[in-house]
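Hi,

Here's the model I promised to pass along. Have a look at it first, and my notes on what turned up follow below.

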Amino acid sequence: MPSVSSAERAALAILLIALSGALVFEARQTGITADEPSHLISARQYWLGRDTLKPRDMPPAIKLAGGWVPRFLFKLPEPGAEAAATNHEWMISSDILNRMPPDAVGDLMFRSRLPLLVFPLAMVTLVWWWGRQLYSPGIALTLAALAAAEPTALGHGALFKNDVASACGLLAVAYRLWRLWHQPDWTRVWWLAA
């Protein structure tokens, strides 16, 4: 694999900066989507060590990446007794957000979305890196640009959702499998296991 030239580094940096700008803009301008509040509250509970809310269907990567914002940067109200009794993240998150001023909810959502930008940025970077190993640097940058402009990743990349994080994880596992397949050794097995 050829070394990375300064022009290639600059092109990748420009692509990642442009993607970051688009995602930050989207994170600020997009209203609350249906399942974001429940994901956000579940992630906060994870950081509080009280991750017991139903339906327990959110992967830990999102909780780790985004849960610290509502945990440490915001004082959220406690849910009412009726919502708390359900032990369901949808009911509890709805109750908590309804107890907050609308401006505070918007700020909470925006700031909580920002750490999750790591997933679409990592995906684009991994597509570029893998593309360099398979093809030329120019094709790798083209593939990275296509990954950055892919509508689903671009549309959900700035939201507190699990689909882009899951896709990033799947891409990382596929890359590690590919590496192991081409050069089998125990180091690559451990990377894949991690």
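Predicted model: local features only at pLDDT ≥ 70, side-chain atom pairs only at ≥ 80, totals over all residues.

A definition to start with: angles under 35 degrees count as roughly parallel, over 145 as roughly antiparallel, 65 to 115 as roughly perpendicular, and the rest as oblique. The axes behind those angles are lines fitted to C-alpha atoms, for helices over the stretch in contact, and the angles run from 0 to 180 degrees between N-to-C directions.

Residues are numbered from 1 along each chain as its sequence is written, and side-chain values use heavy atoms, with hydrogens and water left out.

**Overall picture**

The protein has twelve helices and zero strands. Helices here are DSSP runs (H or I, at least four residues; strands would be E, at least two), numbered from the N terminus. The C-alpha trace spans about 60 × 40 × 25 Å along its principal axes. Of the 194 residues, 43% count as buried; buried means under 20% relative accessible area, exposed over 50%, and partly exposed in between (1.4 Å probe, protein chains only). Take the contacts (heavy atoms within 4.5 Å) between residues at least 6 apart in sequence: 72% of them join residues at least 24 apart.

**Helix pairs**

Back to that opening definition. α1 and α9 pack at an angle of about 0°, with their axes 11 Å apart, so the two are roughly parallel to each other. Glu8, Ala11, Leu12, Leu15 and Leu19 of α1 meet Pro137, Leu141, Ala144, Ala145 and Ala148 of α9. That contact divides into nine nonpolar residues, no polar ones and one charged. For the classes, Ala, Val, Leu, Ile, Met, Phe, Trp, Tyr, Cys and Pro count as nonpolar, Asp, Glu, Lys and Arg as charged, and the others, Gly among them, as polar.

α9 (residues 137-149) also packs with α8 (residues 118-134), at about 155° and with axes 8 Å apart. The pair is therefore roughly antiparallel. On the α8 side the contact is made by Val124, Val127, Trp128, Gly131 and Arg132, and on the α9 side by Pro137, Ala140, Leu141, Leu143, Ala144, Ala147 and Ala148. By class, that gives ten nonpolar, one polar and one charged residues.

Then there's α2 with α6: their axes come within 8 Å and cross at roughly 95°, so these two are roughly perpendicular. Pro37, Ser38, His39, Ile41 and Ser42 of α2 make the contact with Glu89, Trp90, Ile92, Ser93, Ile96 and Leu97 of α6. The class count for this one is six nonpolar, four polar and one charged.

**Around α6 and Ser42**

In α6 (residues 89-98), the buried residues are Glu89, Ile92, Ser93, Asp95, Ile96 and Leu97. Their cover includes α2 (36-48), α5 (81-86) and α7 (102-113). Over in α2, Ser42 counts as buried, at 2% relative accessibility. Not counting residues up to four places away in sequence, Ser42 touches Asp51, Met58, Lys63 and Glu89.

**The core**

The largest nonpolar core has 48 residues, and those with the most contacts inside it are Ile41, Leu76, Met100, Leu108, Phe119, Val124 and Trp128. A nonpolar core is a set of buried Ala, Val, Leu, Ile, Met, Phe, Trp, Tyr and Cys residues joined through side-chain atoms within 4.5 Å. α8 gives the most to this core, with seven residues. Leaving aside neighbours within four places in sequence, Phe119 is in contact with Ala61, Ala65, Val164, Ala165 and Cys168.

Most residues other than glycine have a negative phi, and most peptide bonds are trans. The peptide bond from Lys54 to Pro55 is cis, with omega near 10°, and Pro55 lies in the loop between α2 and α3 (60-66). Asn87 has a positive phi of about 55° although it is not a glycine. Asn87 is found in the loop between α5 and α6 and counts as partly exposed, at 26% relative accessibility.

Ile17 lies in α1 and is exposed, with a relative accessible area of 61%.

Cheers
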